[in-house]
Amino acid sequence: MAISIAVLDCDLLLHGRGHKTLDRFDLDSVSDDFLLTHFSFPRDFILYLVELLRESLGRRTQRSRAISPEVQVLAALGFYTSGSFQTSMGDIIGISQASMSRCVSNVTKALVEKAPQFITFDREPSSREQSFQEFQRVAGIPGVLGVLDCVQVAIKAPNSEDSSYVNKKGFHSVACQLVCDARGLLLSAETHWPGGLQDTEVLERSALYEQLQSNDEGWLLGDGRYPLRKWLMTPVEAPASPAEFRYNLAHTATHEIVDRTFRAIQTRFRCLDGTKGYLQYSPERSSSILLACCVLHNVSLQSGLDAWTLERTEPLEEHRNLKQRPEDDEAEELRKQLILKHFS
């Protein structure tokens, strides 16, 4: 029976019809240094990731010539960490460019499914107390649950005339609201926002905002772009006393953890690094890739890898002398008492 060339798998054209799975790359045949060089992760972590995603990847590859989970994971890691569907990467693991794209799509969807498992804002008393202690050791600010920031990841211009993705710097992006703990572990990652939204708009529309309305113990730290709230401590806009200056310095030192964390994520996952180009996908798919990289960051950190080993040296944009939104009187009094008690 004739088969239309349009429906043939690219790997079928390249490699024939003799196998049911595409297991062309043998992990056991290469060195640990080779895996680190080409995929940026050690062997044990790659094997762990394969087992973590095996069931989901199996569901996504029901065709007669399904690519093995091992090859799919390596293809996706190769893309995330290089930012390119280079022919050489496909050659290394023995698959075509089209199959590379399918592998990245499958692994991205599988990782996004794992996001609720690996990115969680645990508010159990024991976890909260541990967070307080870890953050207070950084620069002396008590009661810190996490540090908050909103970052931009460059994407190609959407096909539609949608200007909502044009950010204040004039390029298209998706905005990602992050909260992390003192170790750089992500507690929240909402990656689906148009880049044209202000940080405060993202916050007020986010699931995190709703979650924290009922919080009555501890707070996040946010920079001067955010409004002061009982659950969100910001710097003093015009410090007038030594205690306020000390508080601002401690706030900066602690809040910098979230900047370092995102720099580390961009460095490890170069597909997100705007200096290397932008994600060549729709906003929806770009947001999924960003969330998948956030999940991988947490999985690797929980597996014992250092969050900041590969951190870039150049800093992110600094935000100084930014006019804050009108402040909450109760939150203002809470911040005054915090400064009086801990920084006077």
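Strand E2 (residues 173-180) and strand E3 run antiparallel and are joined by six bridges; strands count as paired when DSSP finds at least two bridges between them. Within this pairing, Ala-175 stands opposite Trp-193 in E3. The model is predicted: local features need pLDDT of at least 70, side-chain atom pairs count only at pLDDT 80 or more, and totals for chains, interfaces and linings use all residues. Residues are numbered from 1 along each chain as its sequence is written, and side-chain values use heavy atoms, without hydrogens and water.

The open sheet has five strands in the order E3-E2-E1-E4-E5, with mixed pairing. Its edge strands, E3 (186-194) and E5 (232-233), each pair on one side only. Helices (H or I, at least four residues) and strands (E, at least two) are DSSP runs, numbered from the N terminus. Helix H10 (residues 242-268) lies across E1 (144-154), E2, E3, E4 (219-221) and E5, at about 45° to E1. Contact means heavy atoms within 4.5 Å; axes are lines fitted to C-alpha atoms, for helices over the stretch in contact, and angles run from 0 to 180 degrees between N-to-C directions.

The whole structure holds zero disulfides, a disulfide being a pair of cysteine sulfur atoms within 2.5 Å. For Cys-150, the nearest cysteine sulfur is that of Cys-176, 7.2 Å away.

| Residue | Relative accessible area | Class |
|---|---|---|
| Cys-150 | 6% | buried |
| Cys-180 | 0% | buried |

Conventions
Buried < 20%, exposed > 50% of the residue type's maximum accessible area, 1.4 Å probe, protein only.
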